[in-house]
Amino acid sequence: MSAGSNLSVEGLRTHFFTKAGVVKAVDDVSFSLAPGEVMGLVGESGSGKSVTGFSLLGLVDAPGKVVGGRILFKGQDLAAMSDEQRRRMRGSRMAAIFQDPLMTLNPVLRIETQMVETILAHQALPRAEARKRSIAALERVGIPAAEERLSAYPHQFSGGMRQRVCIAIALLNDPDLIIADEPTTALDVTIQAQILHEMRALCAGSGTSLIWITHDLSVVAGLADKICVMYAGRIVERGDVDEVLDRPLHPYTRGLIASLPSRSERGQALYQIPGMTPSLLGLGEGCAFRDRCPRADASCLDSPPERVVSEGRTCRCFHPHEGEPS
Amino acid sequence: MAVFILRRLSQSVVLVLVMSMLVFLGVFAIGDPINTLVAPDATEEERQAIVVHFGLDKPLYEQYGRFLGNALRGDLGRSFKFNEPALALIAQRVPATLELAFASLLLTVVLGIPLGLYAGFRPNARSSRLIMGVSAFGFSVPAFWLGLMMVMLFSVFLGWLPASGRGTTVAILGIPVSFLTWDGLKHMILPVINLAAFKLSLIIRLTRAGTQEVVMSDYVKYAKAKGLRNGRIVLVHVLKNTLIPITTVLGLEFGRTIAFAVVTETIFAWPGMGKLIIDSISVLDRPVIVAYLMLIVVMFIVINLVVDIIYSTLDPRMRLEDQR
């Protein structure tokens, strides 16, 4: 791990112990993130990308449990921390933004309440001071008439404005890391572009690392420095965003890129990866992608190890594409 | 808000008018009170005199018109039986019933909401299952049976608590109340529990269901992600959302408690309105029955109005000024 890393995750495993069996939602996930760096965590629904985010926050609900691995955050081992220490970490050093701001902001509390409580949960400040900081945070994310809007309720904002409020809440305590779980999925494309742009500027300005969880490769392409592609609980490929998108190694990454609408000619059918995402329940040994993979053979019945291709670039595949452009 | 209340009040006037007609008609249909008013050995002249005195010889619409005219002047008629104004007769009994109703409401809120929250947060704990089991019991057992069993156990066998009456009362602003004396309190325990049993069970179940739903919501997860302390998540984020349906049900239940405290008041010989109305029905004391029912109608209107106002303060999406 590089010495200057903000966050380093090694071999993280989060399993769900259901009645039907163990679901390995996150299975041996490793990555690291430097201050100010933006990482895109890409995958289909159910690939374990959100669970990875919740594992970092320490918010995996039963029957799920982090069963292995190490999370070093600013040099501290999160697993060794007490619940109270984790709580103090959340919302201050490590903030979160969720997908649908209409669902994540409490409908019956004023924005002011929801912002001020986030500050007061982490530091002893006079209310007036916390209020002033909340106004400043709203102004920072471009909410006009911030002082008046503070006394409004979530339903009185538009979708884009609500997500800006959530971003302002995330920024309140100047975090070192923001975990954003599909924060623009519920928004219009134009609003999405604005928010992406602003998030990038805000993080670069403050040295905050950002994990952007999404299923949308085009978002990652414009926003992130690094990318991790997840499939069935594992990171199948990771590296610099341009390298991965220009020269994907893993057949799954290649399939994802090929299925982007912008890459097809008008009138031409979109490429689809054949088959369906496998059920994580009782997923056996071997590469989880092998049933859908054009390159699979008998060797894929074993699990491919995470192979380091170059500095910061890994791939889990026995038959990677070698350097051909996508 | 003011517009809302004014509009609601004007609607209420119509409602009260319609209800008064229905009540008057209904009571008229029950039977002729003349036989209970006149002594069996009375002569035909005496009988006619009484009929004329009470206006029972007039056609129905005329009787109703006279009733309405008097009611507007605050006179709901005189009791046939006690020869006292019906309203005054009821008013004497109101404090006793209200005392019981408020005490059982308090018990319901103070016990029901915390127990429901607890059972909602830890649905699989043994204590939660016990709470739910007991509440299923309180939900299903009829009030008269529970009351009689409690009298048998606590009054007859154990001799711990008195079984009837209000005990020693103290007057506050001329209104006698029981809860300020030790003896009065002891008299209240059993009737209050009896009256609260159903409501308490209902509120526990409602709170639990609401809590379980809210705990799964994204905004509770988000509150955790903001690093809030558990106490604040429970008391502010969860409770405020859970309270919305509870308020509605509590309002309705409170009205029901006052209107139908009959069973409990009868078992524990509590001198409230419920007992008065039962006695009045058995002798067809029309003015008292009508006055009582009208009072209940007004009470429900007031309770519903109060519930709507509380509701709007709890849920900003329902703010009354937002309604155009």
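1. In this predicted model, Arg238(A) stands opposite Thr314(A), a residue of strand 12 of chain A. The two strands concerned are strand 10 (residues 234-240) and strand 12 (residues 313-315) of chain A, which run antiparallel and are joined by two bridges. Helix 11 of chain A packs on the sheet, where it touches strand 3 (38-42), strand 9 (226-231) and strand 10 of chain A. The direction of helix 11 makes about 105° with that of strand 9 of chain A.

2. Eight strands of chain A form an open sheet with mixed pairing, in the order 6-7-8-3-9-10-12-11. Its edges are strand 6 (94-97) and strand 11 of chain A, each of which pairs on one side only. On average, neighbouring strands of this sheet are turned by 20° against each other, direction ignored.

3. Helix 7 (residues 159-171) of chain A lies across strand 6 and strand 7 (177-181) of chain A. Helix 7 runs at about 175° to strand 6 of chain A.

4. Four strands of chain A form an open sheet in the order 2-1-4-5, and the pairing is antiparallel. Strand 2 and strand 5 (76-77) of chain A stand at the edges with a single partner strand each, so one side of each is left without a neighbour in the sheet. Helix 1 (residues 49-57) of chain A packs on this sheet and touches strand 1, strand 2 and strand 4 of chain A. The direction of helix 1 makes about 110° with that of strand 1 of chain A.

5. One helix pair may be described in detail. The axes of helix 4 (residues 111-120) and helix 5 (residues 127-140) of chain A come within 9 Å and cross at roughly 115°. Helix 4 is therefore roughly perpendicular to helix 5 of chain A. The crossing of the two helices is right-handed. From helix 4 of chain A, the contact is made by Glu112(A), Met115(A), Val116(A), Ile119(A) and Leu120(A). Helix 5 of chain A contributes Arg127(A), Ala130(A), Arg131(A), Arg133(A), Ser134(A), Ala137(A) and Leu138(A). By class, the contact comprises seven nonpolar residues, one polar residue and four charged residues.

6. Over all chains, the structure holds 11 aromatic pairs. One of them is formed by Tyr252(A) and Phe289(A), whose ring centres are 5.2 Å apart and whose planes lie at 70°; because planes over 60 degrees apart count as edge-to-face, the pair belongs to that class. The pair links distant parts of the chain, 37 residues apart. Tyr252(A) lies in helix 11 (residues 251-258) of chain A, whereas Phe289(A) lies in the loop between helix 11 and strand 11 (307-310) of chain A.

Technical notes: Residues are numbered from 1 along each chain as its sequence is written. Chains are lettered from A and ligands numbered from 1 in the order in which they are written. This is a predicted model: local features need pLDDT of at least 70, side-chain atom pairs count only at pLDDT 80 or more; totals for chains, interfaces and linings use all residues. Side-chain values use heavy atoms; hydrogens and water are left out. Axes are lines fitted to C-alpha atoms, for helices over the stretch in contact, and angles run from 0 to 180 degrees between N-to-C directions. Angles under 35 degrees count as roughly parallel, over 145 as roughly antiparallel, 65 to 115 as roughly perpendicular and the rest as oblique. A crossing is left-handed if the near helix is turned anticlockwise from the far one by less than a right angle, and right-handed if clockwise. Contact means heavy atoms within 4.5 Å. Ala, Val, Leu, Ile, Met, Phe, Trp, Tyr, Cys and Pro count as nonpolar, Asp, Glu, Lys and Arg as charged, and the others, Gly among them, as polar. Rings of Phe, Tyr and Trp (its six-membered ring) pair if their centres lie within 6.5 Å; planes under 30 degrees apart count as stacked, over 60 as edge-to-face and the rest as tilted. Two strands pair if DSSP finds at least two bridges between them.
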